[in-house]
Amino acid sequence: MGSRKTSLILGFLGFLFLDSLLFCSAYNVHHYSFLLRETNFTRLCTTKSMFTVNGQWPGPTIHVRKGDKAFVNVHNNGDYGVTIHWHGVKQPKNPWSDGPENITQCPIKPGKNFTYEVIFSDEEGTLWWHAHSDWSRATIHGAIVILPEIGKTYPFPKPYAEQVLILAEWFNGDVKELIDEATSTGGDPTPSNAYALNGQPGFPNNCSNETSFRFPVQYGKTYLLRLVNAGMNEEMFFGIAKHNITVVAQDAAYIKPITTSYIMITPGQTMDILVTANQAPSYYYMAASPFFDSSAPYDTTNTSAILQYTGTYTIPTTIPYPTLPNVTDKAAADNFTTRIRSLASAEHPVYVPKNVTTRIFITVSVNQIVCANASCGGPSGNRLSASLNNISFVTPSTDVLQAYYKSLPNVFDKDFPNLPPYKFNFTGDVGNNTLYPSLGTKARLINYGDVVEIVYQGTNVGNAENHPMHLHGFSFFLVGTGYGNFGLTNSTKTYNLIDPPEVNTIGVPKNGWAAIRFVANNPGVWFMHCHLERHASWGMDTVLIVKNGPTKETSIRPPPANLPICS
């Protein structure tokens with residue numbers, strides 16, 4: 001079922017119908033229909049059925065302008081329940097449509113439907129949507145393109161054309177069966193068999209050369225690439241052979257332009273990238289390869305697409321391939337990520353909060369849970385786990401939002417701690433100090449209007465690696481990162497409080513720390529988790545609850561009438 005888009009004029013006396021849109025002085029309203037169903041796909045000479053939206057992988061792109069609203073009616077014709085999350089959309093006062101399963105809603109059951117009200121506010125650029133139930137986001141995801149308001153333009157020369165590029169992972173097996181098996185045994189999930197760009201693995205993958213995604217360009221023109229990392233478990237390097245690229249936005253917020261030969265992008269992040277077709281007309285590979293700084297199993301393959309100049313020329317026998325950093329090149333990753341700064345211009349100012357009223361220090365760890373008779377598939381016969389402040393999150397059977405809104409008992413606890421249970425040398429020789437976490441469904445309540453600083457402290461517990469942490473309901477300022485143990489006195493001296501990037505997903509360095517700040521001005525129940533899917537599955541999650549403010553305008557909206565029923 002395709003998507004249909006209409007717009008509603010609000011507060012306007014006269015209506016003008018043009019190109020199926022009703023233009024308005026306030027905002028436009030768009031309508032989309034998502035049909036979730038199984039669809040056959042063939043990649044790597046393997047054919048399988050996949051859970052998709054409208055039979056597409058990746059799914060359809062949602063197009064809006066800054067400040068618009070979209071209603072998305074999701075019909076579930078699949079075999080199990082699912083929810084959809086609008087990644088990076090703040091959803092002011094509207095956690096009911098945020099989407100994480102059993103956090104803000106229960107799943108849409110097979111044969112049922114639910115209409116999400118997606119409220120855009122100050123986001124501008126590229127975001128994305130994805131399933132938020134188990135590992136179903138591997139095949140259920142798509143881009144969100146947020147154009148400037150009518151009458152406004154980009155803070156850079158208008159590109160000749162635009163192209164969405166979605167990085168994803170292909171599994172030869174059934175993804176739900178893979179995670180169900182890993183959950184049953186307690187071992188590491190099987191890695192993907194290939195990465196994909198716009199649904200195609202491309203060269204050098206088996207049975208993939210002829211089906212590579214191709215992006216046609218004209219010599220001398222500049223194009224805007226809207227890149228989404230919808231991958232499950234790996235950060236990625238990306239580049240284009242013989243072409244420099246200029247990054248102009250991240251997570252739907254503009255940044256100071258960065259011209260580079262490559263980028264590093266974590267799962268969950270989006271980047272807007274300019275590329276000028278200024279080389280000899282030919283074919284050039286666009287490629288992505290993993291950045292992985294851990295000893296855990298991972299997908300070691302690469303993926304590629306073709307930047308294809310239009311016109312008449314001799315097709316090369318060997319297509320140039322970009323030189324990307326080595327898979328473990330932490331310095332290359334840092335060299336890119338540390339250059340990211342908010343644009344902070346008169347047209348796009350930033351307001352970095354200075355006077356912190358709530359401080360939360362969170363250790364981020366991979367753990368183990370002891371199994372009787374060493375009967376599980378993880379290290380030493382234990383079950384793999386993960387935690388924040390040594391608490392491994394247990395997903396409840398009733399969603400946290402309804403429990404909070406209706407004061408339902410015995411669903412979650414309100415005592416997620418501000419500090420880990422005890423202090424130790426987080427990035428040194430940790431021994432077995434916090435190898436075994438406690439289990440719980442714990443949330444942290446925050447007063448409306450508080451200025452919050454969260455420091456994520458990576459640890460050497462279990463298997464240390466980079467953790468892309470994502471917070472629903474907010475964009476936040478990444479005010480500092482560093483290696484080793486965070487120190488309140490010395491580390492804060494390195495903060496950037498002038499033009500830090502305003503994002504929704506950040507990488508916590510392996511055996512390092514990252515500090516974020518935001519104003520708690522969005523009442524609701526908001527999930528916070530690692531965007532490496534295996535870590536989220538193991539419990540590297542928690543919930544922040546921003547309490548209502550003093551007025552109706554600063555309080556959670558009432559729930560919709562057709563909210564999925566929990567059972």
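Modeller: The side chain of Tyr-309 reaches the backbone nitrogen of Gln-279 at 3.0 Å. Bear in mind that this is a predicted model, where local features need pLDDT of at least 70, side-chain atom pairs count only at pLDDT 80 or more, and totals for chains, interfaces and linings use all residues. Residues are numbered from 1 along each chain as its sequence is written, and side-chain values use heavy atoms, with hydrogens and water left out.

Biologist: Is Tyr-309 buried or exposed?

Modeller: Tyr-309 is buried, at 2% relative accessible area (buried is under 20%, exposed over 50%, partly exposed in between, with a 1.4 Å probe and protein chains only).

Biologist: How far is Tyr-309 from Tyr-219 in space?

Modeller: They sit 6.7 Å apart, C-alpha to C-alpha, despite being 90 residues apart in sequence.

Biologist: Switching to charges: how many salt bridges does the structure hold?

Modeller: There are 18 salt bridges, each a side-chain nitrogen of Lys or Arg within 4 Å of a carboxyl oxygen of Asp or Glu.

Biologist: Which salt bridges does Asp-499 make?

Modeller: Asp-499 meets Lys-256 at 2.9 Å, N to O, and Arg-341 at 3.8 Å, N to O. Asp-499 and Arg-341 are 158 residues apart, so to speak of parts, the pair links distant ones.

Biologist: And is Asp-499 itself buried or exposed?

Modeller: Buried, with a relative accessible area of 13%, whereas Lys-256 is partly exposed at 32% and Arg-341 is partly exposed at 30%.

Biologist: Which residues are linked with Glu-117 in a network?

Modeller: Lys-69 and Arg-557 are linked with Glu-117 in a network of salt bridges.

Technical notes. A polar contact is a pair of N or O atoms within 3.5 Å; within protein, one must be able to donate a hydrogen and the other to accept it, and residues adjacent in sequence count only if both atoms are side-chain atoms. Helices (H or I, at least four residues) and strands (E, at least two) are DSSP runs, numbered from the N terminus.
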